[in-house]
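Here are my notes after a pass through the side-chain packing. Have the viewer open as you read.

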There are 2 protein chains.
Amino acid sequence: MIRQNIKVAVDAVVFGYKDKSLNVLLIKRNIDPFKDSWALPGGLVVENESLEHAVERELKEETNVTVDYMEQLYSFGTPDRDPRNRVISITYFALVKPEHHKIKADTDAKDVAWFDLQKLPELAFDHKMILQKAKERLQNKLTYEPIGFDLLEDKFLFSDLERLYMIILEKQIDRRNFRKKILSFDILEELDEKVSEGRGRPANLFRFNKKQYFTLKREGFLFDIK
Amino acid sequence: MIRQNIKVAVDAVVFGYKDKSLNVLLIKRNIDPFKDSWALPGGLVVENESLEHAVERELKEETNVTVDYMEQLYSFGTPDRDPRNRVISITYFALVKPEHHKIKADTDAKDVAWFDLQKLPELAFDHKMILQKAKERLQNKLTYEPIGFDLLEDKFLFSDLERLYMIILEKQIDRRNFRKKILSFDILEELDEKVSEGRGRPANLFRFNKKQYFTLKREGFLFDIK
């Protein structure tokens, strides 16, 4: 086979809904290049492990977060994306509930934190572009399958779901229209429990109807919030 | 950086509609391993080229087919997928009109041909799995965007579009319901030209309304043929 000096890495985009915002899990790099910069967790694939194992291992090592499943996002391979050597990154993404994970930096990471997508620091390498791709994937998903089950608490306010959609779509949505459409899919169960938030009237909690949610996730629907 | 002996390849899944069937472009390998087996066109990435350039170059070299754009499909990286060395394949796919391309084998290919997806030979490596992934992508696309513009002749019979959908969905569809739904999207223009096929009455030719087609491709729709 021809000589080829390209390395293969994996990077993880882990989104979580936290403090009423969509967050992404970042590490502060402990090593050059981009030492002390924030970056997506990730690293080189070890020779005999699968790509899925590699990304789950790197995520666990650098952030202490374990996930059951990561979806492959995209492979980034511009020749100069790493100053050391040509490195191709095969990226994966997952949606988690931040409060279920205790984050802790280790190995190549000197720090780990959740960052609001709207208040991101400068990122190492082409990680800003990777994050952009992950946001687009999430935006796409939202138009043809329900979203929120992996991100929201088991019981949530309708306003949380609404906010999640607005953040992902990056625009204001017509609240009345949104409520009508979402309810028409029968994926939500309104509970007989209320919570108070700020100065508003107590609002009902909702939870997903798992059966209907996963049926629609499998079959697809069209959610066209303009 | 850690020592790592993984090579990076690209492979191309090129679909075309030909002889009333969905076809895929395959090459017969000229080299070991899997010499004389049919396989997807592809090969190792040269150090300083982009992944997109690599896949378009390999496709052109081995089959003489040039495409304007290939969409990244998925990256396959099971450690033992190549008996020589660990090779990760970043795969791409394209839809073409076979009659617009003159195929010709060269370099690592001793032959090249279009194969009906329903009459495939044994394939080298994990290429059957790659093809399966490409079919799934096509099936998914078809549920949320129009398809056919890149595959069918400029003027086509309604039955060709219907057949294309049935082949991709791998099932019979209710023809009346299909016709009603497709026409409701306003992506088709019925022409004042008829052709005869077999023993049936002459049937009208159609073409896509490009403006409406590409608007819907961008915005998405839900096409739920059960």
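**Rings, charges and a helix pair**

1. Let's start in chain B: K133(B) puts its charged end over the ring of Y74(B), at 4.0 Å from the ring centre. Keep in mind that this is a predicted model.

2. Chain A has a charge over a ring too. There, the charged end of K97(A) sits over F149(A), 5.4 Å from the centre of the ring. F149(A) also belongs to an aromatic cluster, together with F156(A), F208(A), Y213(A) and F214(A).

3. On ring pairs in general: counting over all chains, the structure holds 25 aromatic pairs. One of them joins W38(A) and F115(A) edge-to-face, with 4.7 Å from centre to centre and 70 degrees between the planes. The two partners come from distant parts of the chain, 77 residues apart: W38(A) is in strand 3 (residues 38-39) of chain A, and F115(A) is in strand 7 (residues 109-116) of chain A.

4. Helix 3 (residues 158-169) of chain B packs against helix 4 (residues 175-184) of chain B at about 105 degrees, and their axes are 11 Å apart. Angles of 65 to 115 degrees count as roughly perpendicular, so helix 3 of chain B is roughly perpendicular to helix 4 of chain B.

5. Which residues make that contact? Helix 3 of chain B brings F158(B), L161(B), E162(B) and Y165(B), and these meet R175(B), F178(B), R179(B), I182(B) and L183(B) in helix 4 of chain B. Sorted by class, the contact between helix 3 of chain B and helix 4 of chain B has 6 nonpolar and 3 charged residues, with no polar ones.

Definitions and conventions. Residues are numbered from 1 along each chain as its sequence is written. Chains are lettered from A and ligands numbered from 1 in the order in which they are written. This is a predicted model: local features need pLDDT of at least 70, side-chain atom pairs count only at pLDDT 80 or more; totals for chains, interfaces and linings use all residues. Side-chain values use heavy atoms; hydrogens and water are left out. Rings of Phe, Tyr and Trp (its six-membered ring) pair if their centres lie within 6.5 Å; planes under 30 degrees apart count as stacked, over 60 as edge-to-face and the rest as tilted. Helices (H or I, at least four residues) and strands (E, at least two) are DSSP runs, numbered from the N terminus. A charge sits over a ring if NZ of Lys or CZ of Arg is within 6 Å of the ring centre and within 35 degrees of the ring normal. Axes are lines fitted to C-alpha atoms, for helices over the stretch in contact, and angles run from 0 to 180 degrees between N-to-C directions. Angles under 35 degrees count as roughly parallel, over 145 as roughly antiparallel, 65 to 115 as roughly perpendicular and the rest as oblique. Contact means heavy atoms within 4.5 Å. Ala, Val, Leu, Ile, Met, Phe, Trp, Tyr, Cys and Pro count as nonpolar, Asp, Glu, Lys and Arg as charged, and the others, Gly among them, as polar.
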